[in-house]
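These are notes for a colleague who works from coordinates.

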Amino acid sequence: KYIIYTRKHGCSKYLLSLLFVGSAHGQFRNTSFTLESTVALNKGTNQISLLSATVGFPDSGAFLERRSLGVRSVIIQNSRGVKNFTVTPWVYQVGLLGEKLQIYTYEGSKNANWSSLGSSQQFTWYKSTFSAPKGKGPIALNLGSMGKGEAWVNGQSIGRYWVSFHTSAGLPSQTWYNVPRSFLKPRNNLLVVFEEEMGNTVNITVDAISVTKVCAHVTNSNPPPVISWRKSDKLSERHPGRRPKVYLNCPPRSNISKILFASFGNPYGNCEDYAAGLCHSSNSKAIVEKACLGKTKCTIVQSYKKFGGDPCPGVHKSLLVDVQCE
């Protein structure tokens, strides 16, 4: 049996004589973990390789010099006893060979022997090319079919992804990754992905994002715009600009064509699902229409004076606005 103990925010993969053994990772509240796997050792010399990644380092608190992360011990156990390899001399390298060779760039990719796409396996580099979607709107890389790794476009890192790690709701925290248009050419854009687990690269898509709605929700507790944080030696001076504001901004060459919802008071929900609450200013929509219709962007102060009076004194208020862009 092959046993590895780690501490803190660890995410590690383990290989034994080029055979994938297993992987494990810590959790938010329980960061330490143990990986145990049964393996068949070869006669003679066996090579053990560990790929260890640490997510976050301790940066505050007492006795930082005594706090450590990463692999703490490596043990091999069989019928004849236990061998502890923790204090055995280990060699290491920072990063992967593919990263050192920069095979995610055009020139660096020539240093690797690429083969046709076959069955998925762990620790694999993939590459492909694509044409930039038409238009000038935002572009996103959909990695919902992948497991865990990193993606590059034309040599620029799009970021690490961990689609296989689900939230408490049973869904990945993120599947779409922004690709700045400044990274792209009209054609022959190089996409390189390093997959640590099991992923289906066939279902990766590069999509143009169309923004047709813009929503904003502010409350009394939201901070005012930073530009209004001006120091004054006059304690009695009033600062009418220091109020939370709703900012609505449609994409270039589109304007606010319709106010889908507007409520000053205590609206229920958020920008995904909303409804007017028991406290609601009846002229909310008319005020927002006057300020925003036909404009690319607009700003509305979250203040009862803006909406012609306080609809329910003593109630904590917010302003929720949802608009359509065309």
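**Notes on the model**

1. Cys215 has a relative accessible area of 24%, so this residue is partly exposed. The model is a predicted one, and side-chain atom pairs are counted only at pLDDT 80 or more.

2. What is the handedness of the disulfide of Cys215 and Cys271? The torsion about the S-S bond is about -80°, so the link is left-handed. Cys215 sits in strand E15 (residues 213–219), while Cys271 is in the loop between strand E18 (268–269) and strand E19 (274–275). The bond therefore ties together parts that are 56 residues apart in sequence.

3. A disulfide also joins Cys279 to Cys312, with an S to S distance of 1.6 Å. The torsion about this S-S bond is -65°, and the link of Cys279 and Cys312 is left-handed. Cys279 belongs to the loop between E19 and helix H2 (284–292). Cys312 belongs to the loop between strand E20 (297–301) and strand E21 (318–325). The two are 33 residues apart, and the pair links distant parts of the chain.

4. Are Cys279 and Cys312 buried or exposed? The cut-off for buried is under 20% relative accessible area. Cys279 has 5%, so this residue is buried. Cys312 has 12% and therefore also counts as buried.

5. Cys292 and Cys298 make another disulfide, with sulfur atoms 2.0 Å apart. The torsion about the S-S bond is 85° here, and the link of Cys292 and Cys298 is right-handed. Both of these cysteines are buried.

6. How many disulfides does the protein have? The count comes to four. With bonded cysteines numbered along the chain, the pattern of pairing is 1-3, 2-8, 4-7, 5-6.

7. On the overall fold, the secondary structure consists of two helices and 21 strands. The protein has 326 residues, and buried residues make up 33% of them. Among contacts with a separation of 6 or more, 68% are between residues 24 or more positions apart.

8. Which residues other than glycine have a positive phi? Two can be listed here. Asn154 is one, with phi near 50°. This residue lies in the loop between strand E10 (148–153) and strand E11 (156–162). The relative accessible area of Asn154 is 18%, so Asn154 is buried.

9. Arg253 also has a positive phi, near 60°, and is not glycine either. Its place is the loop between strand E16 (245–249) and strand E17 (256–265). The relative accessibility of Arg253 is 69%, so Arg253 counts as exposed. Asn154 is thus buried, whereas Arg253 is exposed.

10. Ser303 is located in the loop between E20 and E21, and Cys312 is placed in the loop between these strands too. The relative accessibility of Ser303 is 7%, so the residue counts as buried. Which residues does Ser303 contact, leaving aside its neighbours within four places in sequence? They are Arg243 and Phe264.

11. The second largest pocket has a volume of about 570 Å³. Its lining has 25 residues, and those nearest the pocket centre are Ser115, Leu117, Trp125, Tyr126 and Lys127. Two elements give two or more residues to this lining, namely strand E8 (124–130) and strand E13 (189–195).

12. Which element gives the most to the lining of the second largest pocket? E8 does, with seven residues. By class, the lining has 13 nonpolar residues, eleven polar and one charged.

Key:
Residues numbered from 1 in each chain as written. Predicted model: local features only at pLDDT ≥ 70, side-chain atom pairs only at ≥ 80, totals over all residues. Heavy atoms only, no water. 1 Å grid on protein atoms, 1.4 Å probe; cavity = no way out; pocket = protein on both sides within 12 Å on 5 of 7 lines; lining within 4 Å. Points joined across faces, edges and corners; volume = space filled by probe spheres on them. Helix = DSSP H or I, 4+ residues; strand = E, 2+ residues; numbered from the N terminus. Nonpolar A, V, L, I, M, F, W, Y, C, P; charged D, E, K, R; others polar. Disulfide = S-S within 2.5 Å. Buried < 20%, exposed > 50% of the residue type's maximum accessible area, 1.4 Å probe, protein only. Contact = heavy atoms within 4.5 Å.
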